[in-house]
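Have a look at the sequence and the fold below, then read on.

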Amino acid sequence: MRKFRTKTNNSGFTLVEIIVVLVILALLAGAAIPSYIKYIDDARALLCYSNLGLVMRDFEYSRILDPDVTLDDIAEAHAGEKLCPAGGIFSVQDGALVCSIHGSGEGGESMEGKIKLPDGTYYDITDDWGNAIDKVKTEVWSLSIPGKTFLSDDTGLYLATTPFSISRGSANSTPTLAGYLAANPFCGLVQVDTESPALTSDSYSISSGVTVWDAGCAPKKGSIMSSGGKLYVCMQTWAGDTTPGDVSNTSIWLAIP
């Protein structure tokens, strides 16, 4: 009986084929590794910002219980905790809580579009005045600004204490906040004093039912008051050190939400 032999190919991969595969793998790794590293860094940053937010909320809660507590006190209380997964250290700089690696943030939120008030608290600027003016000039005939809205431009930070509307005529004739306020003094805009320290319960005393402010502490229109864990903006200017009253006088002080 004749036997047939089957021919098998045992040659395997050639050296060129192996090199091509290795080059392809290297290219894929070169593209994937940086993305993976960025993903890890972004995850660490988000966790860091989240912990920053937790510490800030601890500060806000503690300030309700004790208005005299400071952000430095709360930061020191958390000093032994590993709050930044990248090894950053939390500290207070210029009144704001920051990480030595990731910087500042409120619960992971960007600080863009926010304003830092004298007590170190950040608040949203609902709309840049320039954007509002441009919108009225090109898209709508008038624009309503809700009350308790922060607005800013090169002339400063302003608070709309009451709702008001910007007409196209006003947008063309008074393009700045200072100009708009000068032309419309009863529109409810108040320029916020962001340079002076925020007033506190230590800035005044009560004598025979009358609020007596310490020397140099008498509020003026735009002054900021920190009381009971909340911030207030003074809406009027009064003469003398016995007026205006404390934040219980809602016709003078506007609570910032």
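What follows goes from the overall chain to some strands, a helix and the cysteines.

Keep in mind that this is a predicted model. The protein chain has 257 residues, and buried ones make up 36% of them. Its secondary structure comes to 5 helices and 16 strands. If you take the contacts with a separation of 6 or more, residues 24 or more positions apart account for 50% of them. The accessible surface is about 15500 Å², with 57% of that belonging to carbon and sulfur atoms.

Now for β8, which covers residues 149-153. How many of its 5 residues are buried? The count is 5 of 5, so the strand is largely enclosed by the rest of the structure. In a regular strand, side chains alternate between the two faces of the sheet. Here both faces are covered: T149, L151 and D153 are buried on one side, while F150 and S152 are buried on the other. A hairpin of 2 residues takes β8 into β9. The two strands run antiparallel, joined by 5 bridges, and L151 has Y158 of β9 as its bridge partner.

| Strand | Residues |
|---|---|
| β8 | 149-153 |
| β9 | 156-160 |

Next, helix α3, which spans residues 129-138 and has W129, A132, I133 and V136 buried. Looking down the axis of α3, you'd find its buried residues within an arc of 95 degrees, so they line one face of the helix.

Last, the cysteines. How many disulfides does the structure hold? The number is 0. For C48, the nearest cysteine sulfur is that of C99, 3.6 Å away. A disulfide needs the two sulfur atoms within 2.5 Å, so C48 is in no disulfide. Is C48 buried or exposed? C48 counts as buried because its relative accessibility is 0%. C187 comes out at 10% relative accessibility, and therefore counts as buried too.

Notes:
Residues are numbered from 1 along each chain as its sequence is written. This is a predicted model: local features need pLDDT of at least 70, side-chain atom pairs count only at pLDDT 80 or more; totals for chains, interfaces and linings use all residues. Side-chain values use heavy atoms; hydrogens and water are left out. Buried means under 20% relative accessible area, exposed over 50%, partly exposed in between (1.4 Å probe, protein chains only). Helices (H or I, at least four residues) and strands (E, at least two) are DSSP runs, numbered from the N terminus. The arc is that of the directions from the helix axis to the C-beta atoms. Contact means heavy atoms within 4.5 Å. Accessible areas come from the Shrake-Rupley method with a 1.4 Å probe; for residues, only the protein chains shown count as cover. Two strands pair if DSSP finds at least two bridges between them.
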